[in-house]
Amino acid sequence: MESFEKNWYVLHTYSGYENKVKANIESRAQSMKMADFIFRVVVPEETEKEVKNGKEKEIVHKTFPGYVLVEMIMTDASWYVVRNTPGVTGFVGSHGAGSKPAPLLPEEVSHILRSIGMSLRQTDLEIEVGEVIKIIEGAFAGLEGQVTEVDEEKEKLKVNIDMFGRETSTELDFEQVDKID
């Protein structure tokens, strides 16, 4: 049974090969014309500050060593491309014998992505400073505001909102806003 719904799945990989698997899946998605089915590949990582020999260093730790998240539409072809990527030992939630895996629940994905500073949905929004947007989620839902700053890397915006006759500045995720038609 093929579903044309975009979902997140967990891959099991050889420990230490997570970033190589990520790069392999991204390049295979392009070369095998699967970019419309395989979207984002994420290796959850956390950065910690560590003091060693009196010097502060930033150390990056894998949140889930041996696992990679992939956002994809599960078809026979996309499943084949991902599971046959070098370094992938299988999907988590698959019972083997050719069965397709179960996707992560939306709240699980949301929790994991937010903990590493990413948003749940990949935004195709092209928002510029000075543009007026509509807030669709959060404490200011339903209000409109003017964009004062855009941080593409962190997928965040600074927006000025008119509240009680005063201009108030707030920081929002891309997923919390929409363009006004």
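Modeller: The account below begins with the basis of the model and then turns to the sheet and its surroundings.

The model is predicted, so local features need pLDDT of at least 70 and side-chain atom pairs count only at pLDDT 80 or more, whereas totals for chains, interfaces and linings use all residues. Residues are numbered from 1 along each chain as its sequence is written, and side-chain values use heavy atoms, with hydrogens and water left out.

The domain assignment, which is automatic or taken from a database, divides the chain into domain 1 (6-116) and domain 2 (131-179). Over C-alpha atoms, the centres of domain 1 and domain 2 are 31 Å apart.

The open sheet consists of four strands in the order β2-β5-β1-β6, and the pairing is antiparallel. Strands (E, at least two residues) and helices (H or I, at least four) are DSSP runs numbered from the N terminus, and two strands pair if DSSP finds at least two bridges between them. At the edges lie β2 (38-42) and β6 (88-91), each of which pairs on one side only. From one strand to the next, the twist averages 30°.

Strand β2 is joined to β5 by three bridges in the antiparallel sense; Val 41 has Val 70 of β5 as its bridge partner. Strand β1 (residues 6-13) is likewise joined to β6 by three bridges, and His 12 has Gly 90 in β6 as its bridge partner.

Although β2 is an edge strand, four of its five residues are buried, so β2 is largely enclosed by the rest of the structure. Buried means under 20% relative accessible area, exposed over 50%, and partly exposed in between, with a 1.4 Å probe and protein chains only.

Helix α1 (residues 18-31) lies across β1, β2, β5 (67-73) and β6, and runs at about 165° to β2. Such angles run from 0 to 180 degrees between N-to-C directions, with axes fitted to C-alpha atoms, for helices over the stretch in contact.

The largest nonpolar core has 18 residues, and Leu 11, Ile 25, Ile 38 and Val 70 are among those with the most contacts inside it. Such a core is a set of buried Ala, Val, Leu, Ile, Met, Phe, Trp, Tyr and Cys residues joined through side-chain atoms within 4.5 Å. Two or more residues come from each of β1, α1, β2, β5, α2 (76-83) and β6. Val 70 touches residues including Trp 8, Leu 11, Ile 38 and Val 41, where contact means heavy atoms within 4.5 Å.

Key. Lists of a residue's contacts leave out its neighbours within four places in sequence.
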